[in-house]
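Reader: I am new to this structure and would like to learn how to read it. Could you walk me through it, one feature at a time?

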Amino acid sequence: MKKLTRETSSKKVREVIHNRAESPILIRRRLSLFKRALLGADKEKEAPLSLRGIPKTDTDIKQFDGLKIQAVIFKSEKSIVYHATVLGTSHQLALKAPTECGLANREWLSSFKHEIRVLRRIEHPGIVQMTRAAKISERPFYTSNLILGKNGAVAPSLSQLLSETKISTGTAVRYIRELCATLSWLHDSGILHGDISLSNIVIDESDRPKLLDFNLAVFLDERGRPVGPIARGGTFGFAPPERFTEEWGLMGTYSDVFGIGAVLKWLLINRVPSLWRDFAVAPRRNLEGLPLFQISAQTLPSEIPQKLRAIVAKCLERNPRRRYRDCSSLVDALSKF
Ligand SMILES: Nc1ncnc2c1ncn2[C@@H]1O[C@H](COP(=O)(O)OP(=O)(O)O)[C@@H](O)[C@H]1O
Ligand SMILES: [Mg+2]
């Protein structure tokens with residue numbers, strides 16, 4: 001075993017301190033300030049035990065800066081989305097905030113702030129509208145118009161919808177066309193979504209798709225090239241290879257074509273992908289944007305109608321130059337279908 005010298009051990013300590021986003025004490029302090037702001041100092045005394053001190057989870061929050069929390073719509077390791085109403089009214093909103101874990105992760109926190117910056121620039125009927133962004137005790141959050149689904153409940157994501165119902169080929173193609181129209185507008189406004197996936201699209205009460213989640217969005221310059229460094233990340237099986245390797249060049253409008261192609265593929269197969277069943281082969285290589293992205297028409301499952309196979313395969317080309325250049329070229333191809 002390698003012996004730790006005084007020098008290497010102090011180097012290790014420096015590394016640990018450097019790598020840790022924040023000390024646990026600081027995080028605890030922030031969270032308790034955050035709790036007080038949520039509940040009000042007086043209310044904190046009357047609050048049930050679970051609401052005093054540091055929350056074990058973020059799901060026990062009942063009020064948030066003038067909003068009444070109705071339910072948790074979604075919770076992942078780093079973010080939480082609540083269904084909220086404005087106190088004393090029935091006005092409904094969605095509220096997205098970092099979880100304790102997200103708050104402690106400097107990289108994720110900065111992508112959340114980036115999302116807020118991107119959303120400030122966006123106003124489009126096909127995209128979830130941010131209504132307010134603020135901070136409580138250094139914890140950023142934002143609210144957006146709550147999207148409702150057909151039955152008056154919170155709109156399902158395409159991923160939820162696919163797990164519950166069958167979606168016809170005609171409806172799938174219509175969703176893709178509408179998403180492409182929204183994305184073309186977004187690209188013309190100098191923004192790539194960068195993380196198109198089944199769970200970042202919700203279907204509203206008029207059966208129309210709406211895009212959300214701009215954590216990984218990329219600003220484009222006038223020539224359509226990314227501005228600033230590219231965050232490596234994205235949804236497994238949906239993220240374009242050029243996000244992970246510059247082997248094929250920079251990200252561009254064709255990067256969202258890849259994500260849309262993956263969405264179309266799963267809509268046509270009519271089920272959500274299973275991480276193990278569908279992506280079990282060499283997951284590391286896949287994450288790095290290697291072999292699994294090279295999908296040819298022949299390897300696409302037979303559930304996909306023959307005429308659409310070539311379109312899906314072209315969207316999912318590993319080499320961006322072989323894909324549709326942008327969303328309007330994809331729509332042109334779909335109109336011939
Ligand atoms: N305004 C909204 N209306 C309805 N549902 C929403 C809204 N915002 C988020 N959601 C739901 O919350 C889920 C997670 O939101 P998202 O922004 O994608 O968070 P994350 O960055 O953690 O993936 C979405 O898949 C969607 O189902
Ligand atoms: Mg998401």
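Author: Gladly! Let us begin with pairing: two strands pair if DSSP finds at least two bridges between them. Helices (H or I, at least four residues) and strands (E, at least two) are themselves DSSP runs, numbered from the N terminus. Here, in strand 6, the bridge partner of Ala134 is Phe141. Strand 5 and strand 6 pair in the antiparallel sense, over 6 bridges. In their hairpin, 2 residues lie between the strands, and Ser137 takes a positive phi near 45 degrees.

Reader: Before we go on, what kind of model is this, and how are its parts labelled?

Author: This is a predicted model, in which local features need pLDDT of at least 70 and side-chain atom pairs count only at pLDDT 80 or more, while totals for chains, interfaces and linings use all residues. Residues are numbered from 1 along each chain as its sequence is written, and chains are lettered from A and ligands numbered from 1 in the order in which they are written.

Reader: How many helices and strands does the protein chain have?

Author: The protein chain has 12 helices and 10 strands.

Reader: In what order do the strands of the open sheet stand?

Author: A sheet is read from strand to neighbouring strand. In this one, 6 strands follow the order 1-2-3-4-6-5, with antiparallel pairing. Strand 1 (63-64) and strand 5 (130-136) each have a single partner strand, so one side of each has no neighbour in the sheet.

Reader: Which residues face each other across the sheet?

Author: Let us step across it. Strand 1 and strand 2 run antiparallel and are joined by 2 bridges; Gln63 has Lys68 of strand 2 as its bridge partner. Between strand 3 and strand 4, also antiparallel, there are 7 bridges, and Ala84 stands opposite Leu93 in strand 4. These two strands form a hairpin with 5 residues between them, where Gly88 in the turn has a positive phi of about 80 degrees. Strand 4 is joined to strand 6 by 4 bridges, again antiparallel, with Ala94 opposite Ser144 in strand 6.

Reader: How do I tell whether a residue is buried or exposed?

Author: Count neighbours: a residue is buried if 20 or more other C-beta atoms lie within 10 Å of its own, exposed if 12 or fewer, and partly exposed in between, with C-beta atoms placed from the backbone. Of the 337 residues of the protein chain, 35% count as buried.

Reader: Which residues come nearest to ligand 1?

Author: A residue is near a molecule if its C-beta atom, placed from the backbone, lies within 6 Å of it. Of the 21 residues around ligand 1, Phe74, Ser79, Ala94, Ile147 and Asp213 come nearest. Strand 2 (67-75), strand 3 (79-86), strand 4 (92-98) and strand 6 (139-145) each supply at least two residues of the shell. Domain 2 (51-145) and domain 3 (158-336), whose bounds come from an automatic or database domain assignment, both give residues to this shell, so ligand 1 lies between them.
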